[in-house]
Amino acid sequence: MSTLTAVKPNLLSIRNVAKTFGRNVVLRDVSLETAEGEFLTILGESGSGKTTLLRIIAGFENATSGEVWMGAERLDQQPPYRRRVNTVFQHYALFPHLTVEQNVGYGLRVAKRPASEIAQRVAEALEKVKMTAHATKKPSKISGGQQQRVALARALVNRPKLLLLDEPLSALDANLRRQMQVELKSLQREVGIAFVFVTHDQEEAMVMSDRIVLLRSGELEQVATPREIYSHPATAYVAQFIGHTNLLKGEVRDGIARCGALSWKVSLPDGPALFSLRPEQLRLANSGVPGAVRVQGRVVQQAFHGATELVRVQCADGLVLVVRMASGAAVRDQLDLEFSAIDAIPVRESLERN
Amino acid sequence: MFSRTYRAAVTVPPLAWVAVFLLVPYLLMFCFSFWSVSSSQTIIHSWDFHNYKELLQKPVYWQTLLRSMGIAARVMLFSLLLGYPLAYFLSFYAGKRKDLLYQMVIIPLWVSYLVRAYAWKTILGSDGVLNTLLQYVHLTNHPLDFLLYSPFAVVLTLTHIYTPFTILPIYASLEHIPRNLVEASHDLGATPAQTFWKVVFPLSIPGVVAGATFAFVLSLGDFLAPLLLGGPSGIMISNIVVSLFGAAYDWPLGAAISLGMLFLVVSLLFLSERLENKWSFS
């Protein structure tokens, strides 16, 4: 686990939460802790249960079993309007009959704060998201990106302990999306509120999060920092979902892993084994490096990715490796490649579930 | 895109229909409203405003009009009070029974107006179901005569008949409210009651205005319910128009009253349209 959880006190604690809709199991036995001020991302494909988990935290769904705690307070038995949690909805859910500032002040008004305090806090919140100029407009008169900012201000103005964000950037186009990722991240640092951010975009998760929770078919696949999850994926599914990888299927016997013609030393028990080898860990053979595993193959495809390109190499025994090379590197038809044994990360087989 | 013949074939018949059966009659009415009737019961084609003058000067006309508006206003109020909660329940809480309940709102509209009006007559009459029951349980020892042949009976019947017309537009406007707005309101700390008054109700105002307009306008022009159930105290303006065009044989005055009502109704529709637009945000 990350050091974050050890240092900072726990804020939200999800304990053995399960959810079924009729016969359809959406979440099974999910347990999770978030620290104060943490940016936690729940990452998963559609249907993985990530939005349901968020809705259980917010109170829009009841868990079939399990508990949700915030500090010493049990959350899952309270209605959503009593939880000190605010949500930024996927399609913003701004009130169309209210102006931008009325939207932002909504939470304070229903809490019956004094008018002067409301005016001041709304002005501050609008300032923070750079929407002061649009304060008196109706939501239908501003752009999607601006609506996004208003939704953010409307949630943050209540100073929640925890902010939930349900794919808030998915409706924006790619450019605006990247810009908002940066802004959202720096805003989160500034206000110091814990964010639980739901997305299906692994790149977004990597860029923004302190920790990533990878959810698959309603179960936790791995919880780790972006670096950890990339460099040490726990399962074959994680390795494939986050970035590109080569999965090497082989067998371990007497401390030697064998995968087709390749073999290297490992400290693993005997039996079938699966390894993840990132494309950038493969390099052109440069004899002299001790412990390097060498492999030859024929280039079958090249895909340009800007600074790098991904080269598919057909090796002996039907093995196909994807290799990341600097763009413009002279690529011949035949390649001599190598990788270090420690870069082949053993991963668990991902079971088929449904 | 389409040939001229095709366009003519689809546009001319409806236009002709509207011209022959709406514009021409209205034009005739308009002309009639300036004419007068001689003592020998013939129409004199003299152009003056005496019918409109009579309308304003004789209390019986504008008092009846006021009473009609009062009845229509009460029908509107009761239809809203009955219709809104039902529409709200249908839209937000009916769940799987939504379609069935919706059909049950619609079904009464298939039953003839006359049948429903006569049904109330049977219920409210001095030998009717209600009076018999009240006497049987000894709540009263003689039939209550204010039940039938009174404005009460007219309001009751019209409310029964026109409530579905208010439910449908309110239901439609409630259905259009994105449910995530309700969730957002709860999320921001608003209780269910606050959410209703600050989010749901304001967003349903276009439906309320449309429903209220239906109930008011349809009741205002109604003449069967007052005829069958209203008695002398429940007479409405349309009954006067009917008798002016019938027994009284004063078509010019009848035409003047009709045009006055038409003007009133068109103004109301115009106003309600503006209100609806002001409160719609799609």
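This is a predicted model: local features need pLDDT of at least 70, side-chain atom pairs count only at pLDDT 80 or more; totals for chains, interfaces and linings use all residues.

Analyst: **A covered strand and its surroundings**

Thr41(A) stands opposite Ile212(A), a residue of strand 9 of chain A.

Strand 9 of chain A covers residues 211–216. The strand is mostly covered, with six of its six residues buried.

Now the partners. Strand 3 of chain A, residues 39–43, pairs with strand 9 of chain A in the parallel sense, over four bridges. The pair of Thr41(A) and Ile212(A) belongs to these two strands. Strand 10 of chain A, residues 219–224, runs antiparallel to strand 9 of chain A, and five bridges join the two. Here Ile212(A) stands opposite Ala224(A). Strand 9 and strand 10 of chain A form a hairpin with two residues between them. In the turn, Ser217(A) has a positive phi of about 45 degrees.

In soluble globular proteins, nonpolar side chains tend to be buried together. The largest nonpolar core of this model holds 99 residues, and Ile57(A), Ala153(A) and Leu162(A) touch the most other members. Helix 5 of chain A, residues 144–156, gives the most to this core, with six residues. At least three residues come from each of domain 1 (3–238) and domain 2 (244–347) of chain A.

What does Leu162(A) touch, leaving aside its neighbours within four places in sequence? Its contacts are Leu11(A), Leu12(A), Met70(A), Val85(A), Ile193(A), Ala194(A) and Val196(A). Another core lies apart from the largest one; it has 47 residues, among them Val155(B), Tyr162(B), Ile167(B) and Leu168(B).

The bridge partner of Leu12(A) in strand 2 of chain A is Thr34(A). Strand 1 of chain A (residues 10–21) and strand 2 of chain A run antiparallel and are joined by eight bridges. They belong to an open sheet of four strands in the order 2-1-4-5, with antiparallel pairing. Strand 2 (24–35) and strand 5 (73–74) of chain A each have a single partner strand, so one side of each has no neighbour in the sheet.

A further open sheet in chain A has five strands in the order 15-19-16-17-18, again with antiparallel pairing. Its edge strands are strand 15 (283–284) and strand 18 (320–326), each pairing on one side only. Strand 15 meets strand 19 of chain A (residues 334–340) over two bridges, in the antiparallel sense. In this pairing Arg283(A) stands opposite Glu338(A).

Last comes the contact with the other chain. It takes 18 residues from chain A and 16 residues from chain B. On the side of chain B, helix 8 (179–187) and helix 9 (192–220) are the elements that give two or more residues. Helix 8 of chain B gives the most, with six residues. The residues on this side of chain B divide into nine nonpolar, five polar and two charged.

Terms used:
Residues are numbered from 1 along each chain as its sequence is written. Chains are lettered from A and ligands numbered from 1 in the order in which they are written. Two strands pair if DSSP finds at least two bridges between them. Two residues are in contact if their C-beta atoms, placed from the backbone, lie within 7 Å. Ala, Val, Leu, Ile, Met, Phe, Trp, Tyr, Cys and Pro count as nonpolar, Asp, Glu, Lys and Arg as charged, and the others, Gly among them, as polar. A nonpolar core is a set of buried Ala, Val, Leu, Ile, Met, Phe, Trp, Tyr and Cys residues joined through C-beta atoms within 7 Å. A residue is buried if 20 or more other C-beta atoms lie within 10 Å of its own, exposed if 12 or fewer, and partly exposed in between; C-beta atoms are placed from the backbone. Domain bounds come from an automatic or database domain assignment.
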